[in-house]
Amino acid sequence: MPWLVVIFLLLTAAGLYGGLYLAPADYQQGDSYRIIYIHVPSAWMSLFIYVVMAIAGAIGLVWRIKLAEIVAVSSAPIGASFTFIALFTGSLWGKPMWGTWWVWDARLTSELILLFLYLGVIGLYGAIDDKRVASRAAAILALVGVVNIPIIHYSVEWWNTLHQGPTVTKMDKPSIHVSMLIPLLLMALSFNVYYLIALIQRVRVELLQRERNSQWVKAMVLENKQ
Amino acid sequence: MSVQEFFAMGGYALYVWPSYGLTLIILLANIVIPVLQRKQFFRQSLKQKR
């Protein structure tokens, strides 16, 4: 764990130094584009965590593996956080560049639906007392919501939108300069490591609460007494 | 680049820094909340033992 935190801090420091200080201002957007270094990695994480949550949920459904169930439900609040960050920072970027905080276009709306899907999974899991049943219900909702993932990804190509198209994942060369691309990728890596750290913390709590009547948790509680 | 220039963000400080600030708060909260929950779990479990 501590070494994960060290890796996270190093990646973040390097990414922010490269993105906020070394990289030049954008020729069209000036310094406002620097929001990209958290906006884009957050948006990527919002999709990635959703897929992880759905896969873990499916594994829990099919093979009844408790740890998979716990990984799925523990991912939901972290994914919701990244979705909210992507929407919020996008709004703060949209205001000076588009002249509006929000538009109801395909990219923004489908990302908002993603937030509601996460909140739905969290709410559904919390509403059912039997956590094994709750996990199954949450996993089914998560799996149904997977349809939204390709919609978000392709929304900027399928529909007319204010949101700019992909600049990094284009099939040919990415249309972003390497001095901006490297910090962006560093931040994406840092957010992935962060997800791992935050996930481990949540899984530990969830596991303790679910297994509170088991011998090993009781032993841990007693040991903690000293 | 001076320190003031850096923080001015070419006139976009009002958009750039709140983005980073809120991100920091949310990411910190996602670590702090489960850590507190774990502590609370041990505290409550001990209380029930007595």
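Modeller: Two residues are in contact if their C-beta atoms, placed from the backbone, lie within 7 Å. This is a predicted model: local features need pLDDT of at least 70, side-chain atom pairs count only at pLDDT 80 or more, and totals for chains, interfaces and linings use all residues. Residues are numbered from 1 along each chain as its sequence is written, and chains are lettered from A and ligands numbered from 1 in the order in which they are written.

Colleague: How many helices and strands are there in chain A?

Modeller: Helices (H or I, at least four residues) and strands (E, at least two) are DSSP runs, numbered from the N terminus. From that terminus on, the elements of chain A run α-α-α-α-α-α-α-α. The count for chain A is 8 helices and 0 strands.

Colleague: Of contacts in chain A between residues at least 6 apart in sequence, what percentage join residues at least 24 apart?

Modeller: The C-alpha atoms of chain A fill a box of roughly 60 × 40 × 30 Å along the principal axes. Among the contacts between residues at least 6 apart in sequence, the share joining residues at least 24 apart is 75%.

Colleague: Is A:G15 buried or exposed?

Modeller: A residue is buried if 20 or more other C-beta atoms lie within 10 Å of its own, exposed if 12 or fewer, and partly exposed in between. A:G15 is placed in helix α1 of chain A. Leaving aside neighbours within four places in sequence, A:G15 is in contact with A:Y37, A:P183, A:L186, A:M187 and A:S190. Because 23 other C-beta atoms lie within 10 Å, A:G15 is buried.

Colleague: Which residues does A:Y195 contact, leaving aside its neighbours within four places in sequence?

Modeller: A:Y195 is one of the residues of α7(A) that meet α3(A). Beyond the excluded neighbours, the contacts of A:Y195 are A:M45, A:I49 and A:I78.

Colleague: How are α3(A) and α7(A) oriented to each other?

Modeller: Axes are lines fitted to C-alpha atoms, for helices over the stretch in contact, and angles run from 0 to 180 degrees between N-to-C directions. Angles under 35 degrees count as roughly parallel, over 145 as roughly antiparallel, 65 to 115 as roughly perpendicular and the rest as oblique. The axes of α3(A) and α7(A) are 9 Å apart, at an angle of about 125°. The two helices, α3(A) and α7(A), are therefore oblique.

Colleague: What are α2(A) and α5(A) to each other in orientation?

Modeller: Helix α2 (residues 36-63) and helix α5 (residues 131-144) of chain A have axes 8 Å apart and pack at an angle of about 135°. Their contact includes A:M53 and A:A54 of α2(A) and A:S135 and A:R136 of α5(A). From the angle, α2(A) and α5(A) are therefore also oblique.

Colleague: How many residues does the contact between the chains take from chain A?

Modeller: Chain B gives 23 residues to this contact. From chain A, the number is 31 residues.
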